[in-house]
Amino acid sequence: MRIIENPARSAWDTLTRRQGVDYEGIRPRVEAILRAVETEGDAALQRLMREIDKVDAPLEVTESEIDAACAKVSEAVQEAIRAAKRNVEAFHSAQLPREIRVETAPGVVCVQRPVPIRRVGLYIPGGSAPLFSTVLMLAVPAALAGCRDRILCTPCRKDGSVAPEVLFAARECGVTRIFRVGGAQAVAAMAFGTETVPKVDKIFGPGNPWVTLAKQIVSGRNTAIDMPAGPSEVMVLADGSAPAAFAAADLLSQAEHGKDSTAVLVTTERDYADKVLQEVENQKKQLHRNEQVEGSLAHSYAIVFPSLQDVIDFAEAYAPEHLIIAWKNAAEVADKITAAGSVFVGPWSPESAGDYASGTNHTLPTSGWALSCSGVNMDSFMRKMTLQELTREGLESLAPTIVNMAQAEGLDAHARAVTLRIEGK
């Protein structure tokens, strides 16, 4: 990691620009996969499983497989998953929206009614680190929202099996059906439907660039997605009031996600920045995912600003996925933040807490999308439908307003739909 001292504001655009992902380079192959699954269905999924995963296995995971896999999950991990689920349920239950009913004028009643999305598709990344925690973050709010069908797609392992922890978490959270399908082909299957995999109304979950691009493409056609997504990122604001080891551990906890992840330290103290970076060097030697960490740190950095206001302004411009505030009076600093996926306040609030068990959702906007997008929450799994009911008197009172506006827009039929009711013509 390099240290940058008091960069000019004119340079902030460059510093806040994320490492580019070559989506155009993979677009032809992703589009070909989408077309194949859309036109060939299960046959394409089976062929792609053999070509990409080097596996030949049924698409759907059976109940007996789930039974056997759950028996392999240790009691400690089972209890950890259940404990985390309880916290996620507690926080998300409190977010359930209520129906709003307002009489906007005498005889005119307007209603906003929250209704669940009927069928949702949950994508759980596999690879070197199957993220069974993401099952909780997606399946728990989907169940609380009342989504009727909750299907899950995840890559299988080299022997054709699915990580037992993923299957255990899915069963605990009431997932309806599970498929051993990963990558862009999983997105295609959920977007278009196949003989085995049902078409869904909205797709959730993080993934590699292939998954991300596939989600973006299908979202422009027929299936909603949770949010734009990119590589994981963390920003740590620290002033030396917390041990340098804490800040270093937080930076590394995100760097280990992958080579394209980004970790940024922002402080007002050069000496502290030096200490944190030395701690990063010391601690990374103890980690298993060295290749991922080294790749991430190669484009990560620390910035030293002269004032706290500069620190806050830069954080707001960056709009990080995860923002850790290890600053004296951290709560006061947090009150000034408006653009972040999730904020971790104080030295005892590591990003790992939100990733697993505090109760907040870890499916968050990356790449600066926190400026305009929320992380996954209860609203993500619901639609807001409006209703209105007018009495004759209510329509009569609104008639001049409606008719004058309709005629001014040149929409005579709109006006007539009112006048024929109240004037009989």
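**A guided tour from alanine 326**

Select alanine 326 first: leaving aside residues up to four places away in sequence, alanine 326 touches Leu237, Ala238, Asp239, Ser241 and Ala242, where contact means heavy atoms within 4.5 Å. The model is predicted, so local features need pLDDT of at least 70 and side-chain atom pairs count only at pLDDT 80 or more, while totals for chains, interfaces and linings use all residues. Residues are numbered from 1 along each chain as its sequence is written, and side-chain values use heavy atoms, with hydrogens and water left out.

Alanine 326 belongs to strand β12 (residues 322-326); helices (H or I, at least four residues) and strands (E, at least two) are DSSP runs, numbered from the N terminus. Alanine 326 counts as buried because its relative accessibility is 9%. Buried means under 20% relative accessible area, exposed over 50%, and partly exposed in between (1.4 Å probe, protein chains only).

**Helix α8**

Next, select residues 183-192, helix α8; 10 of its 10 residues are buried, so the helix is largely enclosed by the rest of the structure. Among these buried residues are Gln185, Met190 and Phe192. To see what covers them, display the elements that include α2 (23-40), α3 (42-53), β4 (119-123), β5 (149-153), β7 (202-204) and α9 (209-219). Just after α8, glycine 193 adopts a positive phi of about 80°.

**Helices α6 and α7**

Now select α6 (residues 132-145) with α7 (residues 164-172): their axes are 8 Å apart and the packing angle is about 20°. Axes are lines fitted to C-alpha atoms, for helices over the stretch in contact, and angles run from 0 to 180 degrees between N-to-C directions. The two helices are therefore roughly parallel to each other, a term for angles under 35 degrees. On the α6 side, Phe132, Val135 and Leu136 meet Glu165, Val166, Ala169 and Ala170 of α7. The residues of this contact comprise 6 nonpolar, no polar and 1 charged (Ala, Val, Leu, Ile, Met, Phe, Trp, Tyr, Cys and Pro count as nonpolar, Asp, Glu, Lys and Arg as charged, and the others, Gly among them, as polar).

**The whole chain**

Finally, select the entire chain, which has 17 helices and 14 strands. Of its 425 residues, 49% are buried. Along the principal axes, the C-alpha atoms fill a box of roughly 85 × 60 × 45 Å.

How values were computed
Parallel < 35°, antiparallel > 145°, perpendicular 65-115°, else oblique.
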